[in-house]
Amino acid sequence: MNYNHLRYFWAVAHDGNLTRTAQRLNLSQSALSVQIRKLEDRLGHPLFERRGRSLHLTEAGRVALDYADTIFAAGNGLLNTLAQQSGPRDVLRVGALATLSRNFQIEFLRPLLGRDDVELVLRSGTSVELLQGLETLGLDIVLTNRPPAPDTLSNFISHTLSEQPVSLVGTPQRLAGNDGVADLLTNNPIIVPTLESPVRMGFDAFCSRLSVKPIIAAEVEDMAMMRLLAREDIGLAVLPPIVVKNELQSGMLVEADKMLGLAERFQAVTVERKFATPLIDELLGAYGSR
């Protein structure tokens, strides 16, 4: 393989604009296009696709860019430090819903944490932003509790990782009486997820069946904020215990004995790929074996 061709591709991939890269490298646009076509011929796959005036990496282009980043980073490391750094590392780009439990994210990623051969790039955002990143191959996997709806135009694959029971969680003082669930919901302010959450929809239906109208202390999108509000004894929080795992272990918070019969599903979303992604397979396999 001609590494000059790879470097030209690498420059265009990071610039995202053929004309701008050609000007920066003092080449004609046609000459730069020829170099990239030669690399595509050598690899046997198109590396870019044009959408309007923009260039977007194909799946093969994303794989090639990962290798190019590693190759040129290793070259720079050799010149600068002569092996002070460890060898090239695999990169995994993980997106997570901004409101998703941090404890769950850590547990899922634990097999890769601290490994010298792996670099984790973590991004958070809305469902729309993350799924767009997945479709354009800017992300390798997305963690969510709101899987995408089945759609004939998308190639998303949803992997159910776990189903966590949802509990009423509060301070020991607030739950000391251990009343029935209807009394708990009637006599305490309640911290709930926002209306878009599947848990909230289930909770509202549960209250309707009991003919209970709870006093809503706060509607919260972010699970981390729900955890903090529960710790401040603002009310009883409706959430999966994994969100407050440390607080439950320390005794700062406790679960009510009475179950709500609700569950939250944590899922990983990927897209169909021609090329293997061993780190994703490793994570999914490790979590599935627990």
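This passage describes the overall fold of a predicted protein model and then several of its residues.

The model is predicted, so local features need pLDDT of at least 70 and side-chain atom pairs count only at pLDDT 80 or more, whereas totals for chains, interfaces and linings use all residues. Residues are numbered from 1 along each chain as its sequence is written, and side-chain values use heavy atoms, with hydrogens and water left out.

**Overall architecture**

The secondary structure of the protein chain consists of eleven helices and eleven strands, taken as DSSP runs numbered from the N terminus (helices: H or I, at least four residues; strands: E, at least two). The chain is more spread out than a compact globule, because its radius of gyration is 24 Å, well over the 19 Å that the globule rule gives for 290 residues. Here the radius is taken over C-alpha atoms, and the rule is 2.2 Å times the number of residues to the power 0.38. Along the principal axes, the C-alpha atoms fill a box of roughly 75 × 45 × 35 Å.

Of the 290 residues, 41% count as buried (buried: under 20% relative accessible area; exposed: over 50%; partly exposed: in between; 1.4 Å probe, protein chains only). The chain exposes about 15,500 Å², and carbon and sulfur atoms supply 51% of that area; the method is Shrake-Rupley with a 1.4 Å probe, and for residues only the protein chains shown count as cover. Among contacts (heavy atoms within 4.5 Å) between residues at least 6 apart in sequence, 74% join residues at least 24 apart. The mean positions of the 29 positive and 33 negative charges are 6 Å apart. Lys and Arg count as positive and Asp and Glu as negative, leaving out His and the chain ends; each charge is placed at NZ of Lys, CZ of Arg, CG of Asp or CD of Glu.

Arg-93 sits in strand β3 (residues 90–97) and is buried, with a relative accessible area of 9%. Its side chain reaches the backbone oxygen of Gly-138 at 3.3 Å, a polar contact (a pair of N or O atoms within 3.5 Å; within protein, one must be able to donate a hydrogen and the other to accept it, and residues adjacent in sequence count only if both atoms are side-chain atoms). Beyond four places in sequence, the contacts of Arg-93 include Arg-62, Asp-66, Val-121 and Asp-140.

Ile-280, in helix α11 (residues 278–288), is 187 residues from Arg-93 in sequence, yet the two C-alpha atoms are 10.0 Å apart. Ile-280 is also buried, at 4% relative accessibility. Residues up to four places away aside, Ile-280 touches Leu-92, Asp-140, Ile-141 and Thr-270.

In strand β7 (residues 189–193) lies Ile-191, buried at 0% relative accessibility. Its contacts beyond four places in sequence include Ala-217, Met-226, Leu-229 and Val-238. Ile-191 and Ile-215 are 24 residues apart in sequence and 9.0 Å apart between C-alpha atoms.

Asn-26 is not a glycine but has a positive phi of about 60°; it lies between α2 (18–24) and α3 (29–43) and is exposed, at 70% relative accessibility. Asp-233, likewise not a glycine, has a positive phi of about 60°. Asp-233 belongs to the loop between α9 (223–231) and β9 (236–239) and is partly exposed, with a relative accessible area of 31%.
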